[in-house]
Number of protein chains: 2
Amino acid sequence: MLRTHTCGELSLEHVNQEVVLSGWVQRIRDKGGMIWLDLRDRYGLTQLLFEEGKTAANVLETARSLGREFVISAKGQVIERLSKNDKIPTGAIEIRVSEISILNPAKLPPFLIEDETDGGDDIRMKYRYLDLRRNPVRANLQLRHQVARHTRAFLDELNFIEVETPVLIKSTPEGARDFVVPSRMNPGEFYALPQSPQTFKQLLMVAGFDRYYQIVKCFRDEDLRADRQPEFTQIDCEMSFVTQEDVLNTFEGMIRHLFNKVKGIDLPEVPRMTYADAMRFYGSDKPDIRFEMKFTELKGEDADLTSGKSFGVFDDAELVVGVCAPGCASYTRKQMDELTDWVKRPQIGAKGLVYVRYNADGTIKSSVDKFYTEEELKKWVEAFDAKPGDLILILSGNADKARKQLNELRLEMGSRLGLRNPDDYRVLWVLDFPLLEYGEEENRWFAMHHPFTSPKPEDIGLLDTDLGKVRANAYDMVINGVEVGGGSVRIFEKELQQQMFGILGFSPEEAQAQFGFLMNAFEFGAPPHAGIAFGFDRLCSLFGGVDSIRDFIAFPKNNSGRDVMIDSPSTISDAQLTELSINVRQQN
Amino acid sequence: MLRTHTCGELSLEHVNQEVVLSGWVQRIRDKGGMIWLDLRDRYGLTQLLFEEGKTAANVLETARSLGREFVISAKGQVIERLSKNDKIPTGAIEIRVSEISILNPAKLPPFLIEDETDGGDDIRMKYRYLDLRRNPVRANLQLRHQVARHTRAFLDELNFIEVETPVLIKSTPEGARDFVVPSRMNPGEFYALPQSPQTFKQLLMVAGFDRYYQIVKCFRDEDLRADRQPEFTQIDCEMSFVTQEDVLNTFEGMIRHLFNKVKGIDLPEVPRMTYADAMRFYGSDKPDIRFEMKFTELKGEDADLTSGKSFGVFDDAELVVGVCAPGCASYTRKQMDELTDWVKRPQIGAKGLVYVRYNADGTIKSSVDKFYTEEELKKWVEAFDAKPGDLILILSGNADKARKQLNELRLEMGSRLGLRNPDDYRVLWVLDFPLLEYGEEENRWFAMHHPFTSPKPEDIGLLDTDLGKVRANAYDMVINGVEVGGGSVRIFEKELQQQMFGILGFSPEEAQAQFGFLMNAFEFGAPPHAGIAFGFDRLCSLFGGVDSIRDFIAFPKNNSGRDVMIDSPSTISDAQLTELSINVRQQN
């Protein structure tokens, strides 16, 4: 018997019982003939006691030979501790050890196995199995398990069926790059790994499954950023005979359920915002609404409070737009210079920053005093609904660019003002996305969501006249400025789907070759359907209050797509290549 | 609103309510001015009623334009049926339709969407989304969902954590063929898709996760048989600080839980059999114990009732072994000839079949009366413990071959005698597998389970002296003659793991290059651990009482690894190949 109890469950009620515990040596203190050893497992820590004169000599000797992270098994009696430790559940007891055995010794780990470690990212990735021993990292994965569990419980209750869709599918030209898999049995042909189970879940709707979900791995061969992984996990869902409203209500229910079960938080009703408003008032399709600071336009479609005063920058600008930072009028000149440099960084790309201080004493001071009278600036202050003590920050130029830049500045100010607390959760639906976006480089239209998204019925006429104006029944769920999910009402009529592929530049033959199976399926009685997919890794990291999804993946890859622990990818043998009918190209 | 109710929930309590239903047209009867339409969705069937004179003319006209599998939405009043249908839950009511709309018309399906269909395998695979509409097929996938649900519930309750392990891993030479994935970012290098998460779950044990599980897709690029798929699903589990006994008890608990929850069956305690006994008494490591008919050896290690009577076939045989088929003494000469031909088929490969009829009147008649006296045959009958009316069937030759052949014959007789009822479930543990098996062709030893399996401690000495005799702490769960799961206690010491790789023909460098990450991990405090994996598709097919796993996979591939519905695998573009730094080899 390797253990009778775990290291997290013994308390005063077990006093005098003989127990066996197994686990890892967390730390040892050897002082004045007494040895205290903290034994660790997933469930907690328990203190083992060895005492000269009371503990057998060979047991003492073994105890003194132990190092950190040795795996041991110890038998002994549960006794009450003299000095209790209130910080851990087992802090009232300790084990007077009578027998001990070393199950496996351990080399000194390359970094500390403690909540705060001294190991850098690279070494912790290489020894991921040691990093996973640390409580915060293990807690992340336990949280992930809980999120999955409660997701399934919620959807099962609503009659959703989890269906596994294939991993070896077909490469398609639309969307991100596919990972491909050469087929040995079909030489010269390749499977692709799914970027999402999109077409399969739609086929399940055609098959009458009515409500489908799957927590499923997806794959994108894209250049990686810190928060992207080549393989990632989705909560993938689809429903039949529903409108957009049904989908929004169902998954608002799901997110509320998850917040309640996982975080103990009762979310209020989730507000909704159109894409147009999100862009206009936040310069982003995923606004962080933990704080206000909405955009105010001094010059734009509905206003012009800046032109004709000889300030060329604003006169030439398509848009003059700003945010009001509460209580920041007292920013020093140095702080303003630093902020101006910040918006001029290449990542942001603004040409300059105009500010208006609405001082606590009611006076107004701006960086454009040369061009605008106090009277005129007062109108600005009113437009911003600023309070004395506020600081107005203004950008200008091309409308799209200025909005993007101001979005960054708004978020930065929110952070500086401490308005973006990770424990404060604000969920938002963003609705009415454009169906299409124009790729200037490629000189063609792209589907903003994907080619299966339905235009709004009232906008279908625009498909023939003004593609840029067509809105989709598409929706994103945004939490704290992060897109955690998105979906759409789907096209379910063959003709409309064909028209859509045509708009995206497919010839009828190409469309048929790539997606014929779906369009054919639509001819055999496809129901109206709609769905959504959530980024599961991202959702978990949000619940964990951590920015990086990598911390919520057991064995992540680095930014070059490598698993440095197992050293993958790697070369394969010539025999394997031959069997697969492929060659590796020589690199020049 | 596309529906207020599903097609499976209305009953007399809803009479007079106005409802909206949506679904597929299952069938229409148009007779004497009345139209009855069965509307179908996942939840059931509901009868819609249209009546000349009472139903508006345009609604009647639309109803008459409908065909099978049209998707419609209908509004109407729930009324009590005159002639009730007790066979369906909604059989007491029907809907008097006031409004109807066609949501999507349907072409005539290429086969009947009924429980019994007229479609062949190929056409049903091509139109899988239509086949999935049929109740029995959908029921299979609903069953699968239930098995997954109850598996997770059981393991969650026992503190197992579901952890997702990577799909893009590293190719390893041991085991079956890997599917590989070229890495664009690491030219000339490849990921492999996992045949199982074996090394990752062991690393999770090293990481202290203690109890891990995952319902996970795995991949094997093997030539396919009817019951194999290139991608399949496992219930993958691992535990720390456990003995074999703990694993057996835990997963006996799981299978009992599943039978109870999914089938309503309370399983008795699961019997255990050693591999040696399984081979000796059933000629198989996965005996079907729904029926007895254990092997009896007339000539073997412990007996010789056949030699020296001038019957050369038996005199030259290493083993003479048979089974007693109850009540089959009355088989006609023709039946015996047919059975002899059956065992001589190339798939079985026996040279002949000897039989002994123990007639109901107590007389004995055999095909070898020329060589053996009635006295001698009587001893055979006693050895078999045969009853009057039984038929003894005997094979001989090389021991391994004769056992394999007799296993086939035993199963065939079991089937013919109706002793293999798919609703009768007999679960069995097979234990003490050999650690190694010798590959005659390759002239080396192979791991019978996998290279991470621990030898029995008492057999470790044999690693230096008699490899073929070393038994492993390995176990299989067998249900009705089908292996549904298997696992082992793992090696957790670096030296033993190194020794094992050496035995399997790895040089120390090769072992380090391929599995260094695991052996290194063992140096940092690896706990004793053990695990098991269940074939999830197979388990579901067993619960469904069906032989083929394909029926329990939403979108299976055919025997050439093709998905004929989406036409995958397929060629990819030259641009893709270039990006991936690979060429397709020209076929000669």
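**Note on a predicted two-chain model**

1. Strand S9 of chain B, residues 211-219, is mostly covered, with nine of its nine residues buried. The model is a predicted one. In a regular strand, side chains alternate between the two faces of the sheet. On S9(B), B:Arg211, B:Tyr213, B:Ile215, B:Lys217 and B:Phe219 point one way. B:Tyr212, B:Gln214, B:Val216 and B:Cys218 point the other way, and the residues of both sets are all buried.

2. S9(B) has pairings with S6(B) and S10(B) to note. Strand S6 of chain B, residues 161-162, pairs with S9(B) in the parallel sense over two bridges. There, B:Glu162 has B:Tyr213 as its bridge partner in S9(B). Strand S10 of chain B, residues 231-240, runs antiparallel to S9(B) and is joined to it by nine bridges. One of the residues concerned is B:Ile215, whose bridge partner in S10(B) is B:Ile235.

3. Chain B also contains a closed barrel of five strands, in the order S1-S2-S3-S5-S4, with mixed pairing. From one strand to the next the twist averages 55°. Strand S1 (residues 18-31) and strand S4 (residues 71-80) of chain B run antiparallel and are joined by seven bridges. Opposite B:Leu21 stands B:Ala74 in S4(B).

4. Helix H1 of chain B, residues 57-65, lies across S1, S2 (34-41), S3 (44-51) and S5 (93-104) of chain B. H1(B) runs at about 70° to S5(B).

5. An open sheet, again of five strands, has the order S12-S13-S16-S14-S15 in chain B, with antiparallel pairing. Strands S12 (296-299) and S15 (364-366) of chain B each have a single partner strand, so they stand at the edges with one side left without a neighbour in the sheet. Neighbouring strands of this sheet are turned against each other by 25° on average, direction ignored. Within the sheet, strand S13 (residues 319-325) and strand S16 (residues 391-397) of chain B run antiparallel, joined by seven bridges. B:Val323 has B:Leu393 as its bridge partner in S16(B).

6. In chain A, helix H6 covers residues 244-263, which is 20 residues. From its first C-alpha to its last it reaches 27 Å, close to the 28 Å expected at 1.5 Å a residue. The buried residues of H6(A) include A:Val247, A:Leu248, A:Phe251, A:Met254, A:Ile255, A:Leu258, A:Phe259 and A:Val262. A:Gln244, A:Thr250, A:Glu252 and A:His257 are also among the buried residues of this helix. Just after H6(A) comes A:Gly264, with a positive phi of about 65°.

7. Over all chains, a search of the whole structure finds 46 aromatic pairs. The rings of B:Phe506 and B:Phe515 have centres 6.2 Å apart and planes at 65°; because planes over 60 degrees apart count as edge-to-face, the pair is edge-to-face. B:Phe506 is buried, with a relative accessible area of 10%, and B:Phe515 is buried at 4%. In chain A, ring pairs link A:Phe311, A:Phe314, A:Phe371, A:Tyr372 and A:Trp380 into a cluster.

8. Last, the relation of the chains. Chain B is superposed on chain A by a rotation of 180° with 0.0 Å of shift along its axis, at an RMSD of 0.1 Å. The two copies are therefore related as by a two-fold rotation axis. The same surface serves both copies, as 100% of the contact residues of chain B recur in chain A.

Conventions: Residues numbered from 1 in each chain as written. Chains lettered and ligands numbered in written order. Predicted model: local features only at pLDDT ≥ 70, side-chain atom pairs only at ≥ 80, totals over all residues. Heavy atoms only, no water. Least-squares fit on C-alpha atoms with pLDDT ≥ 70 in both. Contact = heavy atoms within 4.5 Å. Buried < 20%, exposed > 50% of the residue type's maximum accessible area, 1.4 Å probe, protein only. Helix = DSSP H or I, 4+ residues; strand = E, 2+ residues; numbered from the N terminus. Pairing = 2+ DSSP bridges. Expected span 1.5 Å × (residues − 1). Axes fitted to C-alpha atoms, helices over the stretch in contact; angles between N-to-C directions. Phe/Tyr/Trp six-rings, centres within 6.5 Å; stacked < 30°, edge-to-face > 60°.
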